[in-house]
Amino acid sequence: MSSRENILSKIKQNQPELLPLPDLSVLGSEKYDLVEKFTEILEGIGGKVLQVSDFEEIKKYIISNYPINARVISTLPEFSENKDWQTADPHSLRDAEFLIIKGQFAVAENGAIWLTESEMGQRVAPFISQYLAVIIDKSTILPTMHQAYEEIGSIDYGFGVFLAGPSKTADIEQSLVLGAHGARGLVVFLV
Amino acid sequence: MTKSNSLPLTHNSHLGTHSERAEIFNKDFDRTTWHDQTLYMVRQKRDKAAFQIDDWELLRETASQIKNNVLSNMHDYLLQFEENASNNGIKIHWAADAKEHNEIVFGIISDYYRGEIPDDTFKGMVKSKSMLTEECHMNEFLAEKGIEVIDTDLGERIVQLAEEPPSHIVMPCIHWKKEEIGELFHKHLGTEKGNKDPQYLTEAARQHLRDKFLTRPIALTGVNFAVAETGEFVVCTNEGNADMGAHLADIHIASMGFEKIIPQKKHLGVFLRLLARSATGQPITTYSSHFKKPRNGQQMHIVIVDNGRSTQLGREDFRNSLKCIRCAACFNTCPVYRRSGGHSYHSAVAGPIGSILAPNLDMRANADLPFASTLCGSCSNVCPVKIDIHQQLYKWRQVLVQEGYSPTSKTLAMKGMSVVLSNPGIFKFSGKVGRMLMDKLPFLVNNRMNPWYKQREMPEPPEESFRDWYKKNRK
């Protein structure tokens, strides 16, 4: 017998009698001011949140706050017409300084943003870029993770991530340091 | 470099039991106090995060029930996961034990190189945190085959450079001071001598490991949750190291104990709300990555490992230990863990949960671990999936004594106590002698032969026994 059959038959023999799954509909009834809660939580974990009225305002902010001579990539035509990077070898993004993308929706209770590879352009892009900007439609902020998974539903993707803030570590004496391996900074524009 | 409390650099119980190793750790009083306080601070962060969720207890109960259902339907969920993941283009492997796991991983690497492992430094693997590969001693196995494994979690990289195993499953180098890390990085990464600034040291590690991510073709990650319904798996990190490895590598291997399965995607909502809050007090980890299909041109493999888990599933008293989601809340709250350090447990998973998992793998080698507890129950109170940890510790003690694995000193003492306690005459006499000795010859108990004298003063002996007092005062 192969290991597969061995393991499965031993599990079948040893698993206890079937117990029911609990009801999840009772969870996630928290009432938040969604924009306020999302902003408070995300800023608490090292992200920056800015409320803007249009793309022009975002452009202005980026030009005055980030080095524009460095490599900027984006999936949004408002920021870059170049799409070649999306199909290039992922290693070629090693010098990406700044990535601007749009998030599908966000979660108030933990400051997380849901992205799938279609928003990312490339799977590695939001991780390898030094800095990251994500644009979120204010009306898409959901209260908790329960509503978030309802929203995702059965939509198919190859890779998706809940991203909450910049990359960080506290492995050295519990001192929080931003920019471990992924983006050093995250700015979220709420439109 | 030397550390004042340096412990044997391996998980091997032949090099000492928990109490022997804890004694070495405790020799450095200030470090023990610092370790204790650091972990308690993490425990307090957990409390703060938990209290912000009104439904926290309901969440724990729900998570516990989901995991009970998983244990009771494991066989079918695994088949469903295998089918869905295969349809998504992921190759599934099954490993009965640690050895088979390691051989499967090596086989995947060997196939990638078409059987001819090249002789260059760039052929190896970047690995994000996986306690399972620690349990399987995979790094050592692959090193013997000429494959270098680079741990990419900062804490794990630190202990790897120091040739130590992690001492905590979430914070692998919690026992290291920044001065020591500065010295280690100066030696291995060429940082300035004497620089101990965490920001500076983290930046050095970022540059050092970015180079590894960009040059290594194979990435291995652990698995936090595997969803039967969709065939996807979720990996949680704060650093982004799992993603940097997986999205750049030609091959992504994910190793999982079979108990990581959950029924449906919506159940992730429950576990992701609990995991980081219980672990570090964060509302969620920075990255909760959902891997469903390999990217174009990439190979994705999942190795599903048993290694004793199916036996544990059959032990009614201990199967609940398989509900664990590896948050380490039980470590941070445990008064014994906090004052004895992770290496005292000589097991890949230390702390209270490790002490109920390890005896299943090897009763003889791990017979001391269920005794490394005060049975205070704090572990069970913080567990996000409501594992009855302290009760299992207590039950393991009974099993170990019955099977003849209890420590000899404890067996002798217990036999002696049994004679004294079952005979009122001897009990009365022993009490009298004890009080007299403590009063007239205190050095007989106030010495290092008496474990109760360690780190504490013995109390004044009472003037009379309760029995005598009761006789006198009874109206």
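Where pLDDT is low, the predicted coordinates should not be read in detail. Chain B as a whole averages a pLDDT of 92, and 96% of its residues score at least 70, while the model scores ipTM 0.98 and pTM 0.93. This is a predicted model, in which local features need pLDDT of at least 70 and side-chain atom pairs count only at pLDDT 80 or more, whereas totals for chains, interfaces and linings use all residues. Residues are numbered from 1 along each chain as its sequence is written, and chains are lettered from A and ligands numbered from 1 in the order in which they are written.

Chain B is assigned domain 1 (42-311) and domain 2 (424-473), with bounds that come from an automatic or database domain assignment. The centres of domain 1 of chain B and domain 2 of chain B, taken over C-alpha atoms, are separated by 53 Å. B:Leu412 lies in helix H19 (residues 408-421) of chain B; helices (H or I, at least four residues) and strands (E, at least two) are DSSP runs, numbered from the N terminus. B:Leu412 counts as exposed because it has 10 C-beta neighbours inside 10 Å. The scale behind that word calls a residue buried if 20 or more other C-beta atoms lie within 10 Å of its own, exposed if 12 or fewer, and partly exposed in between, with C-beta atoms placed from the backbone. From B:Leu412 to B:Glu232 the C-alpha to C-alpha separation is 53 Å in space, and the two are 180 residues apart in sequence.

Two helix pairs in chain B can be read side by side. Two packed helices are described by the angle between their axes and the distance between the axes; here axes are lines fitted to C-alpha atoms, for helices over the stretch in contact, and angles run from 0 to 180 degrees between N-to-C directions. Helix H16 (residues 351-361) of chain B and helix H18 (residues 389-402) of chain B have axes that come within 9 Å and cross at roughly 35°. This crossing of H16(B) and H18(B) is left-handed, a term for the near helix being turned anticlockwise from the far one by less than a right angle, with right-handed used if clockwise. On the H16(B) side the contact is made by B:Pro352, B:Ile353, B:Ser355, B:Ile356 and B:Pro359, and on the H18(B) side by B:Ile389, B:Gln392, B:Leu393, B:Trp396 and B:Leu400. These contact residues of H16(B) and H18(B) comprise eight nonpolar, two polar and no charged, where Ala, Val, Leu, Ile, Met, Phe, Trp, Tyr, Cys and Pro count as nonpolar, Asp, Glu, Lys and Arg as charged, and the others, Gly among them, as polar.

In the other pair, helix H9 (residues 178-189) of chain B packs against helix H10 (residues 198-215) of chain B at an angle of about 35°, with the axes 11 Å apart, and this crossing is also left-handed. B:Lys178, B:Ile181, B:Gly182, B:Phe185 and B:Leu189 in H9(B) meet B:Pro198, B:Leu201, B:Ala204 and B:His208 in H10(B), and the residues of this contact divide into six nonpolar, two polar and one charged.

Chain A has six helices and 11 strands, and 45% of its 191 residues count as buried. In its helix H2 (residues 34-44), A:Phe38, A:Thr39, A:Ile41 and A:Leu42 are buried, and what covers the buried residues of H2(A) includes strands E1 (48-51), E4 (105-107), E7 (141-142) and E11 (185-190) of chain A. Just after H2(A), A:Gly46 takes a positive phi of about 95°. A:Leu115, in strand E5 (residues 112-116) of chain A, is buried, with 23 other C-beta atoms within 10 Å.

Finally, 60 residues of chain A are in contact with 68 residues of chain B. On the chain A side, the largest share, nine residues, comes from H1(A).

Terms used
Two residues are in contact if their C-beta atoms, placed from the backbone, lie within 7 Å. pLDDT is the predictor's confidence in each residue, from 0 to 100.
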